[in-house]
Amino acid sequence: MLDPATIVAHPAPGRTCGTCTLCCKVYDVPAVDSVAGQWCRHTKQGRGCAIHATRPDHCRAFHCLWMTEAWLGPEWKPERAKMVLSLDPVSRHMNVQVDPGQPNAWRREPYYGQLKRWAVSSLAQGRHVLVHLNKATTVVLPDRDVALGVFEPGDRMVARERMTPQGVVIEVEKVRDAA
């Protein structure tokens, strides 16, 4: 199975983290006992990582979509948007990790409208836009948002198409794999 930690993304020309450190707050990093929703103890807000030279491989390999994709405008820089975008290397779902200090940031414009447009364009490939606030996940669908709650080990998301008189509707749910 593909180990996401082995994937190294490279910054787009002219992109740097600069003063942005939001990824140090919104992700679990077990190697340094950092828990999503709390600042990593090694973060020097507005300055970067205090252990930059010896930071874990997980941190070393990660670059958010704003860093790697030059087509994302300045409004998507995490310190401004209050969310970190990434693509799951296996499912290719778009993950939106929201700053718990700004829990509704993803619902503000221009972000929400763009997340909806990405939700529409991702359906043909069987991909989804997943918004994460700490451990809780919400799926952004073209016609609505579906809160799925906290995913535990053994849980997975299932999406199905359902035909209605108005056309195809996507249904999503969290299911537990049989042990």
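In this predicted model, Glu 173 and Arg 160 form a salt bridge whose closest N and O atoms are 2.5 Å apart. Because Glu 173 belongs to strand 9 and Arg 160 to strand 8, the pair ties together parts that are 13 residues apart in sequence.

Arg 156 forms a salt bridge with Asp 177, and here the closest N and O atoms are 2.4 Å apart. This pair links distant parts of the chain, with Arg 156 in strand 8 (residues 155–164) and Asp 177 in the segment after strand 9 (167–176), 21 residues apart. Arg 156 is partly exposed, its relative accessible area being 41%, and Asp 177 is partly exposed as well, at 37%.

Salt bridges turn up elsewhere too, and a search of the whole structure finds 11 of them. One of these joins Lys 77 to Glu 79, with 3.5 Å between the closest N and O atoms. In this pair Lys 77 counts as buried, because its relative accessibility of 16% falls under the 20% cut-off. Glu 79, on the other hand, is partly exposed, with a relative accessible area of 31%. Salt bridges also link Asp 143, Arg 144, Arg 162 and Glu 171 in a network.

In soluble globular proteins, nonpolar side chains tend to be buried together. The largest nonpolar core in this model has 27 residues, and those touching the most other members are Trp 76, Met 83, Leu 85, Val 96, Trp 106, Trp 118 and Val 129. Two or more core residues come from each of helix 3 (65–68), strand 3 (83–87), strand 4 (94–98), helix 5 (111–122) and strand 5 (129–133). Helix 5 gives the largest share, 5 residues.

Leaving out residues up to four places away in sequence, Trp 106 touches Met 83, Val 98, Tyr 111, Tyr 112, Leu 115, Val 131, Thr 138, Val 140 and Asp 145.

The buried positions are Tyr 111, Tyr 112, Gly 113, Gln 114, Leu 115, Lys 116, Trp 118, Ala 119 and Ser 122. Their cover includes helix 4 (78–81), strand 3, strand 4, strand 5, strand 6 (136–140) and strand 7 (145–150).

Thr 43 lies in strand 1, which covers residues 43–44. Thr 43 is buried, because its relative accessible area of 13% is under 20%. Beyond its neighbours within four places in sequence, Thr 43 is in contact with Thr 21, Cys 24 and Gly 48.

Key. Residues are numbered from 1 along each chain as its sequence is written. This is a predicted model: local features need pLDDT of at least 70, side-chain atom pairs count only at pLDDT 80 or more; totals for chains, interfaces and linings use all residues. Side-chain values use heavy atoms; hydrogens and water are left out. A nonpolar core is a set of buried Ala, Val, Leu, Ile, Met, Phe, Trp, Tyr and Cys residues joined through side-chain atoms within 4.5 Å. Buried means under 20% relative accessible area, exposed over 50%, partly exposed in between (1.4 Å probe, protein chains only). Helices (H or I, at least four residues) and strands (E, at least two) are DSSP runs, numbered from the N terminus. Contact means heavy atoms within 4.5 Å. A salt bridge is a side-chain nitrogen of Lys or Arg within 4 Å of a carboxyl oxygen of Asp or Glu.
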